[in-house]
Amino acid sequence: VVWYTDNTKTSKIVEHSVIRNIINMPTSIIWKVYDVDGVTVLSTVTDSITYVNNIFETSRTRTII
């Protein structure tokens, strides 16, 4: 998912990505926030998720860069 400044879709505001495992459970969630130029990444937040029995979330580690 990407949010743009307008309908020309040339300058990004925020980008959201989800990486899933083979049974469609999210293992990583990544948010990127862009500078006013719409290209330069100002900050990235990544959640790494682990599960027990591929059902119950057991931990989530957040990294902010």
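Asp47 is buried, with a relative accessible area of 5%; buried means under 20% relative accessible area, exposed over 50%, and partly exposed in between (1.4 Å probe, protein chains only). The model is predicted, so local features need pLDDT of at least 70 and side-chain atom pairs count only at pLDDT 80 or more, while totals for chains, interfaces and linings use all residues. Residues are numbered from 1 along each chain as its sequence is written, and side-chain values use heavy atoms, with hydrogens and water left out. Asp47 forms a salt bridge with Arg60. It belongs to a network of salt bridges that also takes in Glu57, Arg60 and Arg62.

- A search of the whole structure finds four salt bridges. The term requires a side-chain nitrogen of Lys or Arg within 4 Å of a carboxyl oxygen of Asp or Glu.
- Side chains of opposite charge can pair when their charged atoms come close.
- In the pair of Asp47 and Arg60, the closest N and O atoms are 3.3 Å apart. This pair links distant parts of the chain: Asp47 sits in strand S4 and Arg60 in strand S5, 13 residues apart.
- Arg60 is partly exposed, with a relative accessible area of 40%.
- Arg60 also forms a salt bridge with Glu57, where the closest N and O atoms are 2.9 Å apart.
- Glu57 is partly exposed, and its relative accessible area is 40%.
- Which residues are linked in the network of salt bridges? They are Asp47, Glu57, Arg60 and Arg62.

**The sheet**

- Five strands form an open sheet in the order S1-S2-S3-S4-S5, with antiparallel pairing. Strands (E, at least two residues) and helices (H or I, at least four) are DSSP runs, numbered from the N terminus. Two strands pair if DSSP finds at least two bridges between them.
- Strand S1 (2–4) and strand S5 (56–64) stand at the edges. Each has a single partner strand, so one side of each is left without a neighbour in the sheet.
- Neighbouring strands of this sheet are turned by 10° against each other on average, direction ignored. Axes are lines fitted to C-alpha atoms, for helices over the stretch in contact, and angles run from 0 to 180 degrees between N-to-C directions.
- S2 and S3 pair in the antiparallel sense over seven bridges.
- S3 and S4 also pair in the antiparallel sense, over seven bridges. Here Ile29 stands opposite Asp47 in S4.
- Strand S4 (residues 41–52) runs antiparallel to S5, and eight bridges join them. Thr50 has Ser59 in S5 as its bridge partner.
- In a regular strand the side chains alternate between the two faces of the sheet.

- Glu15 is found in strand S2 (residues 12–20). It stands opposite Lys32 in S3.
- Is Glu15 buried or exposed? At 18% relative accessibility, Glu15 counts as buried.
- Glu15 forms a salt bridge with Lys12, the closest N and O atoms being 3.3 Å apart. Lys12 counts as partly exposed, at 24% relative accessibility.
- The side chains of Glu15 and Tyr34 are joined by a polar contact of 2.5 Å. A polar contact is a pair of N or O atoms within 3.5 Å; within protein, one must be able to donate a hydrogen and the other to accept it, and residues adjacent in sequence count only if both atoms are side-chain atoms.
- Leaving aside neighbours within four places in sequence, Glu15 is in contact (heavy atoms within 4.5 Å) with Val1, Val2, Ile30, Trp31, Lys32 and Tyr34.

**Loops and positive phi**

- Most residues other than glycine have a negative phi, and most peptide bonds are trans.
- Lys9 has a positive phi of about 55° although it is not a glycine. Lys9 lies in the loop between S1 and S2. It is exposed, with a relative accessible area of 56%.
- Asn24 is not a glycine either, yet has a positive phi of about 75°. Asn24 is found in the loop between S2 and strand S3 (26–34). The hairpin of S2 and S3 has five residues between the strands.
- In the hairpin of S3 and S4, six residues lie between the strands. There Gly38 takes a positive phi near 80°.
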